[in-house]
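Hello,

Here is the structure we discussed. Please look it over, then read my notes below.

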Amino acid sequence: MKIGYRTLKTAVGAALAIAIAQLIGLHNFASAGIIVILCVQVTKKRSLETARARFAACVVAIGFAALFFTVFGYHPWTIGLLLLLFIPVTVRLKINEGIATSSVIILHLYAAKEITWGLVANEILLVAVGIGVALLMNMYMPSVEKQLKAYQVVVEDLFRIILKEIVRYLRTNELDWDGKELPLAAEALDKAKKLAMRHADNQLWRNEDEYVRYFRMRERQLEIIEHMLPLVTSLTYTVEQRMMIADFIDELSDAIHPGNTADRFLRRLAEMREQFKAMPLPKTREQFEERAALFHLVRELERYLIIKSEFHPGSEPRRRLEKSVI
């Protein structure tokens, strides 16, 4: 049985919150542990958002409890009426994540059969201790950069294989590839993007979303590759332009490594297009259709490269992502 970081933090945080609440003499001190359990989240930003919602909801709940218990008395149906109105208010204020925590506070006030300033202070301190300890526990999040870099390598290797298969077909007309790398790349990108978003949400003091942007960029490039494949397989005749494009894609696939930029391949692509224009016009219908499909393939390659050229990492993330420049 494996115990995760979140489980460990929840257990330690609950015990610590109860100990602090008991030490400073709060009534219902065990509730501080419940608040910790509710507030420990998977990311730092999520924890802060949840903490704000729960604290605000508790303050609103105390106001509702004071009003309803004073007007209608301490009866079970009073709690039902209170919740009937309190829950829609929290939803409207976008603090509905605090409903569970607030319900605990409301029940404390109901059990006390009175509302005094001392009791209100006790409940606010309970919430503060619980939320404070939960935030403290969530200040540590294990780094996932090693996993993100591993996904980066996997995705680039799959891209390289796919491009090599395109090159092989352009040169030989052989089509025995099963295409398994396409769903594998899509699956890897989906997992990597989710992990990258979690990583970004753990950066409180800087906007570090370069991994998110990187994997989204690769996702868009994969869509372009999927558009290219039907074009490639529709080609049946061997013409000079086809071999030139094959050589270009072959070099492109080898260039997924440090020290290259999409801009230089865009310039190469523009030069190749000018070379195509200078070549003799097709003489048969088949040659014309082949040339048209090849020009369409060139446009898709251009889109592929433009997507990468628009990806500009910041200074620090660039050092981490420098292995994936095209």
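**Confidence and findings**

This is a predicted model. Mean pLDDT (the predictor's confidence in each residue, from 0 to 100) is 83 for the protein, and 89% of its residues reach 70 or more. Residues 313-325 stay under 50, and the model has 33 contacts (heavy atoms within 4.5 Å) for them beyond four places in sequence.

The protein has 13 helices and 0 strands. These are DSSP runs, numbered from the N terminus: helices are H or I, at least four residues; strands are E, at least two. Of contacts between residues at least 6 apart in sequence, 78% join residues at least 24 apart. Buried residues (under 20% relative accessible area, 1.4 Å probe, protein chains only) make up 45% of the 326 residues.

Helix 3 (residues 44-72) has 29 residues. Its first and last C-alpha are 41 Å apart, close to the 42 Å expected at 1.5 Å a residue; that span is 1.5 Å times one less than the number of residues. Gly73 follows helix 3, with a positive phi near 90°.

Leu16, Ile20, Leu23, Ile24 and Leu136 form a nonpolar surface patch with about 480 Å² of accessible area together (Shrake-Rupley, 1.4 Å probe). Helix 1 (residues 5-23) gives the largest share, 3 residues. Leu23 lies in helix 1 and is exposed (over 50%), at 75% relative accessible area.

Numbering runs from 1 along each chain as its sequence is written. Local features need pLDDT of at least 70, side-chain atom pairs 80 or more, while totals for chains, interfaces and linings use all residues; side-chain values use heavy atoms, without hydrogens and water.

Best wishes

Conventions:
Patches are made of residues with over 30% relative accessible area and no salt bridge: like charges are joined within 9 Å, nonpolar side chains (Val, Leu, Ile, Met, Phe, Trp, Tyr) within 5 Å. A salt bridge is a side-chain nitrogen of Lys or Arg within 4 Å of a carboxyl oxygen of Asp or Glu.
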